[in-house]
Amino acid sequence: MTEPLVRPKRKDPLKRTRLPLSPPGARSRTALGLATAAAQGRFMLQVCQDCAKTIYPPRDACPGCFAPAPPFCDVPDGGVLLAVTTIRTSTDAYYRERMPWRVGTVRLDCGPSVVAHVHGDCAEGDRVAMSLKLDRSGQAAAFALPARETPDMADDKQLREMTCDPKFRRALVTDGRTAVGQACAKALSEAGCTIVFVGIADAWKPFPGEEALRKTANVEIVPLDLTNSESVGDLAADIGGRVDIVVNTAEHVRPGGIMARKGLVVAREEMDVRYFGLMRLAQAFGPALRFRGADGVNSAAAFVNFLFVHALANWPEFGAYSATEAACLSASHSLRAELRPGGVKFINIFHGPLETEWFQPLPPPKVAPSALARSAVDALKRGLEDVFVGDIAQDIRERFLADPKTLEREL
Amino acid sequence: MAGSDFSSADLLAFAGAVASGAVRVVDLTQTLAPEFPVIVLPPEFGQAAPFRVEEISRYDERGPGWYWNNFTMSEHTGTHFDAPIHWITGRDLPDASVDTIPPANFVAPACVIDVSRQCAEDADFTLNVAHLLAWEKEHGEIPKRSWVLLRTDWSKLPGRAYANMKEDGAHTPGPSPEAMKWLVEARDVHGFGTETIGTDHGQAFHFNPPHPAHRYIHGAGKYGLQCLCNLDQLPPKGAIIFSAPLKIRQGSGSPLRVLALVADE
């Protein structure tokens, strides 16, 4: 049985904050395929296309028939925990301060046996669900989970190291004026956040949903305008050390291609809200997040960013907006690398058109703000990095992976 | 106006009066700050940029011995001046942009119409000709080439009450079409100034004609001032307004420092 997490006490101000350390992060280029799978929450191993052998650990050629470059494929995640042991000491600085640590050998239904991190509720001989998790160095780690959900399963100490569970953490939702922002505030509150700070720009402008937002449990309204560096800096000065999860819900959706518009006023607004807003947030909140990556039960955990899926491939009907989103996607890759030394994840939630005002003329399927918020919380709980929500986002992703040029012409 | 009978000695005496405090200098300008409301149009229209500051350096690695900022904003952010070219009715007038307006027009006397009591009771207070005639009965006719400044005490309200945005638009006081037409045509005023976000009433889009302050003032080549403050420190008559906008080529307006010179009786 997992010992349920206890709400952490307020931090002792006389104690030094422990610096975040990373588990060993070196992997071969081929082995990064596991991290790619882990980032999406998929269980993928190499499967030889010639002899159908499932391969682990990753190889440059099939160890059975020597066929080159076996691709990563989704494989069944079931297995049996053959043996488990508890490590009590280590020469590795990261693991040393996290001992004891359970590891075991799992024989997978799909063939190979793997050495894995083992959840506290898994006993020798049990059926387990194998998963790939991103560890604090951003690399894939094989993690054996109970085959069926157990009470307080997410509170397992080892599992929580790999996830960004909102429980007992403090989140900042950057724009509470948007439907997505309000849905995120609600979802994070329900997921157990101790405090959900919700940013409101231009408090002098009323907005729909304001009353319900103010009544949401654990929500604290804070002044925050992502287009104003001073405002972002002021808020970080106040609460930067108490924010464990940043969820950027700022949006500025406007239709139109680039030539379809006259002048740059709207484009500047898009870039200011989305791209520069992301930079302002990262500069103001990023350093404290990275510093507090190992700060106890409510350590800094994640930066969540919503992206229009046409960041991958421009959709000319929303051409200027797509370009802004592409800039944000590129920035997210830099920020992911910059946050990694703190063990803080940068989560991109890709979406197509939403059930919101600025996508009103578009036909379904559209993603409801509540569904998007649920996906964000799910990504935090599972420790994912890249999530594609809804049919359109998944479709665009698949077509992009198949061939970016063809997709460009199709759009 | 005084001509040759006004000497440099008079100017020096004036400077001395400013220095001694015999002439008070009242700052009618709101501080430029990011949180100060700007006019909001329906989202499908272009929007005026609010005031924003980016530090260039502050005695740090970006510039060890000096502090300075970049700032951005629209021509109509904060306490600002409206040139005739701002409105379609003034688009063909000569000398109608901030760079071509004769500089003497940046100095003019002001009449201050105090309707603060009415506005405290009614955010939709509309200035009518009757109010202006009542003011004239007490203080004499509004002279030609005078600013007419509408004192509403609106500048004392906090942000949300100041903008007072409701589902049907802003509810802030301002002039009726008849009052604006009368000020421009019957009194040939220099311009019209307010404490609210714009020179027009919050609901002026629904007036007939709409936006009468902009329409009539600028159509007649006259000027607007808005987001003023400290109008309660001015006498009803006799203050001199110094209001020089930035010299922006073809500029439709500009944030500026508005100063009033007041000689206390």
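Which residue is the bridge partner of B:Phe81 in E12(B)? The close-ups below come from a predicted model, and the opening view gives the reply.

**View 1. Strand E12 of chain B and its antiparallel partner, E4(B).** The partner of B:Phe81 turns out to be B:Leu225. That pair sits where E4 (residues 80-82) and E12 of chain B run antiparallel, joined by three bridges. As for the strand itself, E12(B) covers residues 223-226, with B:Tyr223 and B:Leu225 pointing one way and B:Gly224 and B:Gln226 the other.

**View 2. E11(B) and E12(B), running parallel.** Here we look at E11 (residues 191-194) of chain B, which is tied to E12(B) by three bridges. B:Leu225 turns up again, this time with B:Gly193 standing opposite. To get from E11(B) to E12(B), the chain goes through helix H6 (residues 212-219) of chain B, making a right-handed β-α-β crossover.

View 3. Seven of the eight residues in H6(B) are buried, so the helix is largely enclosed by the rest of the structure. The buried set runs through B:Pro212, B:Ala213, B:His214, B:Arg215, B:Tyr216, B:Ile217 and B:His218. What lies over them? Just past the end of H6(B), look for B:Gly221, whose phi is positive at about 75 degrees.

**View 4. The open sheet of chain A, in the order E2-E1-E3.** Over in chain A, three strands make up an open sheet with antiparallel pairing. Strands E2 (54-55) and E3 (72-74) of chain A are at the edges with a single partner strand each, so one side of each has no neighbour in the sheet. Zoom in on E1 (residues 44-47) and E2 of chain A and you'll find two bridges between them, in the antiparallel sense. At one spot in this pairing, A:Gln46 has A:Ile55 of E2(A) as its bridge partner.

**View 5. Where chain A meets chain B.** Eleven residues of chain A are in contact with twelve of chain B. On the chain A side, helix H6 (residues 229-239) of chain A supplies the largest share, three residues.

Note on methods: Residues numbered from 1 in each chain as written. Chains lettered and ligands numbered in written order. Predicted model: local features only at pLDDT ≥ 70, side-chain atom pairs only at ≥ 80, totals over all residues. Buried ≥ 20, exposed ≤ 12 C-beta atoms within 10 Å, placed from the backbone. Helix = DSSP H or I, 4+ residues; strand = E, 2+ residues; numbered from the N terminus. Pairing = 2+ DSSP bridges. Right-handed = clockwise from strand over helix to strand, strands pointing away. Contact = placed C-beta atoms within 7 Å.
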